Amino acid sequence: MCVFRSLQSDDYFPAHFDTYDKSVDVGGTQHKVVVTEVECRDPTAQPLWPMYMRSMDAFVLLYDVTCPASLAFATERHAELVRERKTPRVPAVLVGTKADAATGRAVTTQEGAAAAERLGCPFFEVSARDGTNVHDAVVAAAAAALCDNNKSSTTNNKGNCIVM
């Protein structure tokens, strides 16, 4: 799973990328998910994006609900995925972060859901602070990867996902 971060916050920067494992239950079966988190604003990581886009099984596209530009950035990453993978269907989940923000919300839940519908992917708003929907978003990404792998005969079947 690849997580592409497009957040505008300066409080977290992975060193090019971070990788960690998580075990999730999808449909009653435990699956080990390897998560690679990529910082999209890091220009030194950008040359690696095509490799991630081709090799990962699922993608989590993050945006910050307090920053409309981050939603546009996430949808641009989805368009890149479609071009790079040469398929209109990309196993992805759109995730709005800071769902617990008491002030400063600039992207409504409805706007996020509408963007996800246009992209053809599940949508979640999450809170890292209190854990709201984080697990569900990871399970949805794993399920998207498994569903896509079952439909494709040319998959790497490594259970890799990336957060963008």
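Modeller: A residue counts as buried under 20% relative accessible area, as exposed over 50%, and as partly exposed in between. The model discussed here is predicted.

Colleague: Is R105 buried, exposed or partly exposed?

Modeller: R105 lies in the loop between strand 5 and helix 3. Its relative accessibility is 34%.

Colleague: Which residue forms a salt bridge with R105?

Modeller: Side chains of opposite charge can pair when their charged atoms come close. The bridge of R105 has an N to O distance of 3.0 Å. The partner sits in strand 6 (residues 123–125), 20 residues apart from R105, and is buried at 11% relative accessibility. That residue is E125.

Colleague: Which residue forms a salt bridge with K98?

Modeller: K98 is partly exposed, with a relative accessible area of 33%. The closest N and O atoms of the pair are 3.0 Å apart. The partner belongs to strand 4 (residues 58–64), 34 residues apart from K98. At 2% relative accessibility the partner counts as buried, and its name is D64.

Colleague: What is the phi of K98?

Modeller: Most residues other than glycine have a negative phi. K98, in the loop between strand 5 and helix 3, has a positive value although it is not glycine. Its phi is near 65 degrees.

Colleague: Where is K86 found?

Modeller: K86 also has a positive phi, near 55 degrees. Its relative accessible area is 73%, so K86 is exposed. K86 is found in the loop between helix 2 (68–85) and strand 5 (92–97).

Technical notes:
Residues are numbered from 1 along each chain as its sequence is written. This is a predicted model: local features need pLDDT of at least 70, side-chain atom pairs count only at pLDDT 80 or more; totals for chains, interfaces and linings use all residues. Side-chain values use heavy atoms; hydrogens and water are left out. Helices (H or I, at least four residues) and strands (E, at least two) are DSSP runs, numbered from the N terminus. Buried means under 20% relative accessible area, exposed over 50%, partly exposed in between (1.4 Å probe, protein chains only). A salt bridge is a side-chain nitrogen of Lys or Arg within 4 Å of a carboxyl oxygen of Asp or Glu.
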